[in-house]
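I opened my notebook to look this structure up piece by piece. Here are my entries, in the order I made them.

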Amino acid sequence: MRRPADAGRDARGRATQGAVAETNTELRLAGGAPPAETVAQFDVRCTRLLDSDGTARAALPDFARDADQLTSMYEEMLALRLFDAKAVALQRTGRLGTYPSCLGQEATAVGIGRAMARADVLLPTYRETGTMLARGVGMAEILLYWAGDERGSNYASAAAKEDFPICVPIATHAPHAVGVAYAFKLRREPRVAVCVLGDGGTSKGDFYEALNGAGVWQLPVVFVVTNNQWAISVPRSAQTHARTLAQKAIAAGIPGEQVDGNDVLAVRAVMERALHRARDGGGPHVIEALTYRLGDHTTADDATRYRDAADLERARRLDPLARLEQYLVREHGWSDERDAAARDACSARIDKAVAAFLAFPAQPPTAMFDHLFEELPAALTEQRDSLKHE
Amino acid sequence: MSEITLVEAITQALAHELAADERVLLLGEDVGVNGGVFRATAGLQQRFGPKRVVDTPLAETLIAGMSIGLAAQGLRPVAEIQFMGFIYPAIDQLLNHAARLRNRTRGRMTCPLVLRSPSGGGIHAPEHHSESTESLFAHIPGLRVVVPSSPARAYGLLLAAIRNPDPVVFLEPTRLYRLAKEAVPDTGEALPLDVCFVLREGKDVTLVTWGATTRETLAAADALADEGIDAEVVDVATLAPLDMTTILESVGKTGRCVIAHEAARNVGVGAEIAARIADRGLLTLLAPIKRVTGYDTIMPLAKLEQAYLPTPERIAAAARETLEAA
């Protein structure tokens, strides 16, 4: 069917959506028209509210004008840092198995956790300890999991009841988030699925398939790429030639943006915007949080084998805790005394959790059969019973 | 009552559950507007709407993975993988997530999904469309694997799979999709997911099989009957968990066993069945267990596929061997 040469174009001659391909066909036929034109363009912005020295570089959002909010966010990051160090120490003394430290990523974790609504669902990887704590997962539960006990993923917290357990394979949980968000949309619930993954995860097809599906159905899901610059030993520069990871969203028709992941105020603000938009029916979002893994990949890794000391030193100067602390000192009278008191309170809380974790009685060996199916098939009872009698 | 084919029985079961349970939804490639490349979901999107009968992007990891998210949220997703040759990206999702979600959260979360896929050869399909790789799935703890072999069993087993609170891989033999018809009343009655079906009783030899090979096995039993050999035919139907009670009872009665399946022999489900008979029923055996299977070769393309698939002749010959042994 012939169409007039200007079909599918707006008044200024730009191609309008849905008619691009056909218009291009017409373009080739029309004498004098340019042989090619730009049909899509994009840009990726990066948000930072606090500079690395703790100076506000822009007007802060409402929540950041409340001193109590700010100090509690700082204390939450502090608790995470101390808990993380304790977990590493427990691994070194044989109480935990392999543990992945989240040192340096506290602002991203806490910013996400603070922005999420209770009814939202978190789908974390193994380095989201801080966001899990924000969701109400217990410190003792997290330790129990890393000690090798499945009960650590049976969260008691009501807010975390529907949260997924941590995803160990890379980015395989991204499609789960699409399913969770599809359920929310189907039931018309004002909830958002929040899927957190790492920079390495953006190289997986799972990530792209999930983004693509989320875009097709315009689902309430936010993917947060915690770009800590390292996938074990492979630096971000060797992971992809793309300028940003956020721009991977564009190919799926989803907005993608960066945020300074060491600026807890920016992470929370950007995250709140994306969540609000998704909750309002505005569709999915990708946020790339730029941070740095200050520790080893896990306690089984030694980053000095592949990472420059100078690189690490540069990253240390961007410490997310120091940044907010400096702002608090300057603007809200935070002091060494208050800092010491906060540390003591965190340590007491952590010690209590460690004691509860260490006192947890072991599961009997037959527990491996307990939740294999809702009801153990008769074909398996014999195996369970043989274990019982060994 | 009009008679329906196996694929129509699948459609009937899906429609029944979509109507009966609002948590049920279907998803997959071409399952909506097109009604599925084998027509298994024909008319269902028109009847139940595009939100519950969902055409997905062409992405098997997404299909399997989002089904896990849906199931964890309390829905009952029934996902279609268009051909078994395309199911392998989904294995990551099944093995690492679907099969273990309940276990790794100690029951906090569950994963009641069904992953349906056409399976097996014999329909002159293109490359990658004809393999039978059910043992890959039967090997995964926490998964159920079901293979129907008649319209009535397809209907009853699919109802059971959808209602089951745990993940089920449901493999539909393409060769049987339109091969035979039978009356399948839409009663909503499910069949058990852990019991073999004895398709024919006999006292001389037990023929254990499933899926499309039940056709050749029943034909072999007919041929053997003409020779005065009374074969019992057991349709395993649920490959995981395996109902050894029925199989051992039958072998205890006949003392002879032939296992026939279309999949390659090496580490096939037949090997597991043979090992368990050896473990529990060795002293009841009068002859060595025989297996008639696909060869341990790449499934040939259409021109040679008939030479690959077990035939009634091969199955009957194996049965005769067991009778000659004792």
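**Burial in chain A.** I began with chain A, where 42% of the 390 residues count as buried. A residue is buried if 20 or more other C-beta atoms lie within 10 Å of its own, exposed if 12 or fewer, and partly exposed in between, with C-beta atoms placed from the backbone.

**Ground rules.** I noted that this is a predicted model: local features need pLDDT of at least 70, side-chain atom pairs count only at pLDDT 80 or more, and totals for chains, interfaces and linings use all residues. Residues are numbered from 1 along each chain as its sequence is written, while chains are lettered from A and ligands numbered from 1 in the order in which they are written.

**Make-up of chain A.** I looked up the secondary structure of chain A and found 13 helices and 8 strands. These are DSSP runs, numbered from the N terminus: helices are H or I with at least four residues, strands E with at least two. The C-alpha trace of chain A spans about 85 × 65 × 45 Å along its principal axes.

**Two helices.** At what angle do α2 and α12 of chain A pack? I read about 45° between α2 (residues 67-92) and α12 (residues 336-358), with the axes 9 Å apart. That makes α2(A) oblique to α12(A), because angles under 35 degrees count as roughly parallel, over 145 as roughly antiparallel, 65 to 115 as roughly perpendicular and the rest as oblique. Axes are lines fitted to C-alpha atoms, for helices over the stretch in contact, and angles run from 0 to 180 degrees between N-to-C directions. Among the residues that meet, I listed Leu78(A) and Phe83(A) from α2(A), and Cys346(A) and Ile350(A) from α12(A). Contact requires C-beta atoms, placed from the backbone, within 7 Å.

**Chain A against chain B.** I counted 32 residues from chain A and 35 residues from chain B in the contact. On the side of chain A that touches chain B, α6 (174-186), α7 (205-217) and α13 (378-388) each give two or more residues. The largest share of that side, 9 residues, comes from α6(A).

**Domains of chain B.** The domain assignment gives domain 1 (3-183) and domain 2 (197-325). Such bounds come from an automatic or database assignment. The domain centres, taken over C-alpha atoms, are 26 Å apart. Their contact takes 27 residues from domain 1 of chain B and 22 residues from domain 2 of chain B.

Definitions and conventions: Contact = placed C-beta atoms within 7 Å.
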